[in-house]
Amino acid sequence: MSFALIFLALILAVCGYFYLQLTQSSSPPPAAAPKAVGGGGGERRATPAAAPAAKKSKEVVVLFGSQTGTAEMFAKTLAREAVKLGVPAQACDVEFYDVNKLEDESLAIMVCATYGEGEPTDSMKNFHDWIMDDCRMVGEELSKVKFAVFGLGDRQYKYFCEEGIVMDRRLEELGAERIYGVGCGDSGNGQLEEEFDEWRRDLWPAVGRALNITLKANVEEPVEPQCRMKYWEEEEAPLAFPKTASVLEPTQRLPLWVPIVRNEELLKDKTRSTRLVEFNIKDTIISYQAGDHLGILPHNPDALIDEYLKILNVTPEEAGRTFSLQDAKTLKNVFPARVSVRTALKWYIDLAGIPKKSTLRAFAHCCTDPTQKEELLKVLRVNPESQKEYTKLCQKLRNIHGFLRKFDSAKVPLSFFLELMPRISPRYFSISSDLLLTSDIVGATVAHVEGGLCTTMLRDMKDGDRLPVFIRKSTFHLPLRAKNRPIIMIGPGTGVAPFVGFIKRRQVWKEKGNELGKAILFFGCRNKKEDYIYEDLFNEAVKNGILSDVDVAFSREQTTKVYVQHRIKARAKEVWEILNEGGNLYICGDAKHMAKDVEVELINLVKEHGKMDETAAKAYLKKMETEERFLKDVWSSS
């Protein structure tokens, strides 16, 4: 080939190259990716067919849904332990977790508490609704995710660890691979932390196999601090919990600070105390109805705070300094506000509660005396002998302060103490008022518990004292669209609290000309002269036709004790007629004894008067639950 032809070929090749670049640069951009489509509290991403697969997260995510803070503590314990074993991990509250990331996680560990009768916790509700939505793709949505679940519950309730069991089953339904069996911890037997320790002991080998990594030796290494204190020259925030904006419903994080306007003793028995505590909510956005719960954020007493300041070697000057406890990674304040050390100990830190093993394990490494360090670590290990010794120590020492006194070489830095100590959790009380009758008042019936943080605080408060409160909505309500439906209410002691609110709502309905259905209240107390609370209200309600009858079981006015279940048995035919007519049945009070005993009697009367066997009778009550005609507001006293 001649030189001229070769030169011409080169010229054409170069021109062709530049033409191709020019046409590509001026061509229209590719079509936009489809927008996300909604579904059940979260969004599922629509990915173009040609798009590359998302990168799998290298971090293990430990998701928690907590009501009192225990699930959060367990999740953070797992995350810290994972890091020590060489597994990158991060704990995250499901309330703030981006659900769209779940399908890209390599391994998700869930720690979730169950609230009441099988319900998700407040922080878990949105995640629960998202994952249970019918639009989720069964068998494939989470097919690349591995998981493990630990549930917290109380066997005194009918649906023990329901949320953990539901999450475990649902993750498998969506295609995720279970690497380790679901764990269930019982808070009602005092062994919750021990059951968690047993579960997590064999979790880590399963994690190593699932991620195909070699774990570091599981030695009792010190916990690395993840927070730091930063002091500020400014004055502390005026409120320990910022108050909600006037247009927003109050929440646990942004409560409403309201004054007490009534704090009245209801018992004539001076050895006990049950009080009606009412708060002024005039000109606030709070909305509620009888049967909802009033959440109260309690605080520690000053004398207890002084004891801790002393043992932590915090001077009065330092206790008064404004600070923030910052996450070392994000620099965000982990507390609700910039406050003084004393205020933080008062409102945020659970100083009086039973010591947590994870906290004590961390504090053990602060011991300067090797003998004390080994002695403390020994009682915290997972074996029967250590557990027995730990239980004895807890009974004797009672709280973290007692342990720090005994193991006095533990010099715990203040920032480390604030980071590792459990937080004060809100206390919930059934509301015994109704917004329709008293629009400027919300009230609760509070039985004082010896040593109880919140009930002791409330007992000693005066009119005008302000507290942070919020409302927790429930389903324990009157049938608003069927005011003429007959109802049966069963609530001994302070279990009568929501029914006081029911009476007040029915009073308003009657005054407005509504036809009311039959209403029988079964109430129980010890003695008519000592603890028959709200007697005048009940009698007036019967007189005015708001209640059909009040049937009271006085347990100690005769040689044989009589409880509400005995009164139900005595009127079994009448109760059955109300149920069979489509009436509503409500139980409020102690879950361990009263609620179970009442339910046994209900099954018996359904068997007898409904002509059913036991299986059919139980199914009958279960159907009532499904139809929201059998409603329970029960709690554990342990």
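**Ground rules**

I number residues from 1 along each chain as its sequence is written, and for side-chain values I use heavy atoms, with hydrogens and water left out. Because the model is predicted, local features need pLDDT of at least 70 and side-chain atom pairs count only at pLDDT 80 or more, while totals for chains, interfaces and linings use all residues.

**Entry: annotated domains**

I looked up the UniProt record, an unreviewed entry, and found "domain: Flavodoxin-like" on residues 60–204. UniProt positions are in the numbering used here, feature names are shortened, and annotations may be inferred rather than shown by experiment. I then checked the chain over residues 60–204: 32% is helix and 25% is strand. Its end C-alpha atoms are 12 Å apart.

**Entry: a sheet of three strands**

I traced an open, antiparallel sheet in the order β10-β14-β15. Two strands pair if DSSP finds at least two bridges between them. β10 (227–232) and β15 (339–340) are the edge strands, and each pairs on one side only. I counted two bridges between β14 (residues 322–327) and β15. F323 has V339 of β15 as its bridge partner.

**Entry: a sheet of five strands**

Next I followed an open sheet with parallel pairing, ordered β21-β20-β19-β22-β23. β21 (549–554) and β23 (630–635) each have a single partner strand, so one side of each is left without a neighbour in the sheet. From one strand to the next, the twist averages 10°. Angles run from 0 to 180 degrees between N-to-C directions; axes are lines fitted to C-alpha atoms, for helices over the stretch in contact.

I found four bridges joining β19 (residues 487–490) to β20 (residues 519–525), which run parallel. I488 stands opposite I520 in β20. Helix α21 (residues 594–609) packs on this sheet and touches β19, β22 (584–590) and β23. Contact means heavy atoms within 4.5 Å. The direction of α21 makes about 150° with that of β22.

**Entry: cavities**

I counted two cavities of 30 Å³ or more. A cavity is a set of points, on a 1 Å grid over the protein atoms alone, where a 1.4 Å probe fits but cannot get out; lining residues have an atom within 4 Å of a point. Grid points are joined across faces, edges and corners, and a volume is the space filled by probe spheres set on the points.

The largest cavity holds about 40 Å³. I listed its lining as L360, F363, A364, L376, F403, L404, F407 and A410. The largest share, three residues, comes from α10. The lining has eight nonpolar residues, no polar and no charged. Nonpolar means Ala, Val, Leu, Ile, Met, Phe, Trp, Tyr, Cys and Pro; charged means Asp, Glu, Lys and Arg; the others, Gly among them, are polar.

The second largest cavity has a volume of about 30 Å³. Its lining includes M73, E193, R200 and R361. I noted that α2 (70–84), α5 (192–201) and α10 each give two or more residues to it. α5 gives the most, with four. By class, I see three nonpolar, two polar and four charged residues in this lining.

Note on methods: 1 Å grid on protein atoms, 1.4 Å probe; cavity = no way out; pocket = protein on both sides within 12 Å on 5 of 7 lines; lining within 4 Å.
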